[in-house]
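Here are some comments for a colleague who is opening this structure for the first time. They are meant to be read with the structure in view.

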Amino acid sequence: MTSAPRALQSADGGPLDLAAVEGALSADFTVVTGPARAVRQARLDTFDRRLDEAGLTLEHRSSASGEELVLVRPDSAPPLLSPATDLRSPAFAHDLPDGALRAVVSPVIGIRALMAVTDEKRRVRRVEVHDQDGKTVARLDLDEPVAATSTQPAEVRVLSLRGYDDAARRTTRLLSGIGLRPPEAEDRGPADVPSPEDMAPAAAATVLLAGALNGYLGAMRENLPGLLDDVDTEFLHDFRVAVRRTRSTLKLGRPALPEVMRSRWEPAFKWLGDLTTPMRDLDVYQLDLPTMSGWLVAAAPGDLEPFVAHLQRRRSAERRTLVRGLRSARYAALVADWERALTDLADTSSDQTPDQSSEVLTAGALAGTSISRAFRRVARDGGAVTADSPSEDLHSLRKRCKELRYALEVFTPVIDKPARKSAVGDLKALQDVLGRFQDSEVQGAALREFAEEMVSDGTSAGAVLAMGELVGRLDAEQDRARQDFESAFARFVGPATRVRMQRLGGAG
Amino acid sequence: MRVLAAYNIKGGVGKTSTAVNLAYLSAREGRRTLLWDLDPQAAATFLFRVRPRVKGGGHALVTRKRPIEAALKATDFDNLDLLPADFSYRNMDLELDDTKKRTRRLGQLLEGVAHEYDIVFLDCPPSVSLVSENVLHASHTLLVPLIPATLSLRTFDQLTRFVADSDGPRPEVVAFFSMADRRKRLHREVIDSIPRDGGRVAETVVPALSIIEQMAERRAPVPAFAPTSAAAKCYEALWAEVRPA
């Protein structure tokens with residue numbers, strides 16, 4: 001097996017001189033150069049670059065001799081290779097060939113699909129480096145772009161073979177003698193772009209709000225193509241998160257934002273959120289089905305097949321509605337007008353500086369009042385919940401918690417970072433309990449609705465009985481969540497959280 | 001990680017050819033594969049053009065003075081590594097005899113690389129010894145090449161009893177006929193008459209073919225240098241029969 005390859009390039013990133021490479025190595029080794037192969041190299045990753053984040057590089061290489069997947073790992077672990085036939089993009093973890101490569105990739109990408117993030121034709125020549133016994137002790141891949149417009153320069157990759165590291169080092173030294181060098185570290189973009197962490201609490205609140213809202217608009221735009229193509233469920237999820245954050249930011253920013261934001265844009269984004277909800281609910285069902293199947297005791301997982309088919313039909317119908325909505329003139333106008341509104345907001349913000357006018361609300365002041373109000377509401381509503389409170393009270397409290405969470409996120413650039421991190425941790429524990437409570441109720445209610453639809457369609461009793469088992473399990477889970485609520489809430493409003501909230505301006 | 005051992009009490013029956021060719025086929029499928037050449041004659045090591053030398057010898061491995069990982073060598077084939085033979089392996093029985101849990105040490109050593117490999121092949125020396133007992137305990141499957149001759153059947157019988165008498169979890173025994181010549185009446189009769197109650201007998205019969213002998217000259221597995229040959233097809237069929245799920 002080979003270790004992670006070491007790449008070398010000519011000083012100007014130009015073409016490679018094969019004869020010079022062979023000549024340099026012939027001093028110590030025998031080299032056998034293979035024919036040039038046209039290789040299509042597609043780098044695969046999820047939309048949010050989960051493999052890259054984990055330091056993994058996955059390539060799908062196709063040539064006349066076949067297709068293979070190559071996974072390069074961050075440490076000196078050998079790359080994992082796997083034959084791949086008919087792998088189509090997008091591909092999920094279960095579409096990858098069974099084996100070690102899939103075992104590494106699967107937990108990293110989770111439910112996301114792999115897409116080709118770059119796709120290029122290259123000309124690759126393999127050079128085998130042999131010792132005097134004819135044993136291959138190192139390999140080189142001379143990899144050159146076919147298109148002159150390629151942004152990826154030609155490079156030699158030195159592949160070290162296990163147990164023959166000395167030979168690979170010697171090979172690299174010999175190649176450096178003809179001017180080949182490791183490539184410069186990748187330029188990750190200009191350093192002078194201000195990050196949100198740079199913002200001073202004294203900056204105008206509208207500057208912070210405009211920046212945050214622009215970011216959410218960017219996330220909506222980025223996720224739209226994958227959402228429309230139904231690449232994986234996370235495009236819709238991330239799109240909805242951006243919409244929800246936009247709505248919360250508009251609400252939190254009311255004291256600083258112009259009235260039009262409330263009168264026009266809050267309802268506009270409510271429409272957009274509502275448009276995406278039915279499809280997301282069905283996605284959640286599909287994602288949870290494997291877990292739910294595992295709950296069955298009396299019924300067999302196969303009994304749920306009519307339910308699965310019913311879900312798929314419903315999802316197809318909801319998807320058509322969603323796609324129509326997102327391709328409508330109304331959506332196009334919303335995005336175009338929203339972008340103009342944000343540009344206007346940014347222009348107005350740049351004219352406002354706290355030094356020039358004491359009337360301007362600062363980001364720090366808005367953060368303090370928003371977090372304070374949101375925390376007070378959570379404490380008040382949560383304190384009023386008793387064992388007999390209706391479910392709606394807990395649902396309403398969950399919304400209050402989300403408002404506090406968004407306030408802690410939106411104002412991150414101007415609040416105390418360690419206190420914020422701990423406060424989010426405290427809040428998350430409470431949100432998890434409330435989430436379990438509401439998800440169980442909503443899923444149980446939807447299952448009953450689906451069952452009624454299926455019965456009227458003439459579905460077999462087996463499927464409905466199996467769904468009944470799931471409803472029973474969800475009811476029990478809801479009861480458990482209600483029991484857990486009291487202690488989770490008591491922990492959240494305890495002295496430790498109050499101290500943290502005070503530091504964030506929120507315990508008033 | 002699944003461990004398959006090419007094993008027979010007799011020598012010259014095709015153990016090394018089996019281990020080398022099946023290990024190659026396993027790696028070709030994308031399974032991370034290791035072949036440990038336990039035979040001091042180092043035939044498998046020679047076939048992969050690797051020098052038959054392990055720093056510190058069998059003593060360092062068995063006593064864990066050197067980690068097994070340090071001795072591993074990549075072969076010329078993707079996904080296939082070799083733990084080479086060393087002439088000192090001739091004393092491996094003595095080395096094992098000095099260790100605690102002397103019949104399980106090889107299995108313990110392999111556990112150290114279990115995260116790196118999906119399949120391990122053991123190419124065993126022909127004998128009944130402490131090394132053999134270790135192989136029994138370390139393996140999930142014993143692949144037993146048999147030459148179709150009366151004495152081979154007797155040896156197979158001895159081997160199945162040896163496995164049955166061993167303590168602890170026992171490997172599955174899968175015999176198959178190797179170096180068979182169907183033109184010979186005796187070979188045909190033995191193949192047809194082998195009792196199938198002592199262990200599983202694979203359907204695949206590997207004939208005596210000169211291309212298998214050429215492995216020593218070409219220093220490569222048959223499916224690598226003659227992928228369309230009858231011998232390569234035989235090993236593919238055998239692998240399909242014994243391949244772990």
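**Notes on a predicted model**

1. Aromatic pairs. Over all chains of this predicted model, the count of aromatic pairs comes to 13. One of them joins F47(A) and F235(A): the ring centres are 4.8 Å apart and the planes stand at 50°, so the pair is tilted.

2. Helices α5 and α6 of chain A. How do α5(A) and α6(A) run relative to each other? Helix α5 (residues 205-229) of chain A packs against helix α6 (residues 233-252) of chain A at an angle of about 160°, and their axes are 8 Å apart. The two are therefore roughly antiparallel, the cut-off for that word being an angle over 145. The crossing of α5(A) past α6(A) is left-handed. On the α5(A) side the contact includes L209(A), L213(A), Y216(A) and M220(A); on the α6(A) side it includes F235(A), F239(A), A242(A) and V243(A). By class, this contact has 13 nonpolar, four polar and three charged residues.

3. D230(A) lies in the loop between α5 and α6 of chain A. Its phi is near 55°, a positive value in a residue other than glycine.

4. Helices α1 and α4 of chain A. Helix α1 (residues 18-25) of chain A and helix α4 (residues 165-176) of chain A have axes 9 Å apart and pack at an angle of about 125°. That makes α1(A) oblique to α4(A). Here the crossing is right-handed. V21(A), A24(A) and L25(A) of α1(A) make the contact with T171(A), L174(A) and L175(A) of α4(A). The residues of this contact divide into five nonpolar, one polar and no charged.

5. A cis peptide bond. Which form does the peptide bond from S89(A) to P90(A) take? The bond is cis, with omega near 5°. P90(A) is found in the loop between β5 (80-83) and α3 (100-109) of chain A.

6. Helices α1 and α13 of chain B. In chain B, helix α1 (residues 15-28) packs with helix α13 (residues 230-242) at an angle of about 75°, their axes being 10 Å apart. They are therefore roughly perpendicular to each other. Among the residues of α1(B) that meet α13(B) are N21(B), L22(B) and L25(B); Y235(B), L238(B) and W239(B) are among those on the α13(B) side. The contact has six nonpolar, four polar and two charged residues.

7. Confidence. The model scores ipTM 0.84 and pTM 0.66. Chain A averages a pLDDT of 87, with 94% of the residues scoring at least 70. Chain B averages 88, with 99% at 70 or above. Within chain B, confidence is highest in strand β2 (residues 33-37), at a mean of 96, and lowest in helix α5 (residues 92-97), at 80.

8. A stretch to treat with caution. Where pLDDT is low, predicted coordinates should not be read in detail.

Note on methods: Residues numbered from 1 in each chain as written. Chains lettered and ligands numbered in written order. Predicted model: local features only at pLDDT ≥ 70, side-chain atom pairs only at ≥ 80, totals over all residues. Heavy atoms only, no water. pLDDT = per-residue confidence, 0-100. Helix = DSSP H or I, 4+ residues; strand = E, 2+ residues; numbered from the N terminus. Axes fitted to C-alpha atoms, helices over the stretch in contact; angles between N-to-C directions. Parallel < 35°, antiparallel > 145°, perpendicular 65-115°, else oblique. Left-handed = near helix turned anticlockwise from the far one by under 90°. Contact = heavy atoms within 4.5 Å. Nonpolar A, V, L, I, M, F, W, Y, C, P; charged D, E, K, R; others polar. Phe/Tyr/Trp six-rings, centres within 6.5 Å; stacked < 30°, edge-to-face > 60°.
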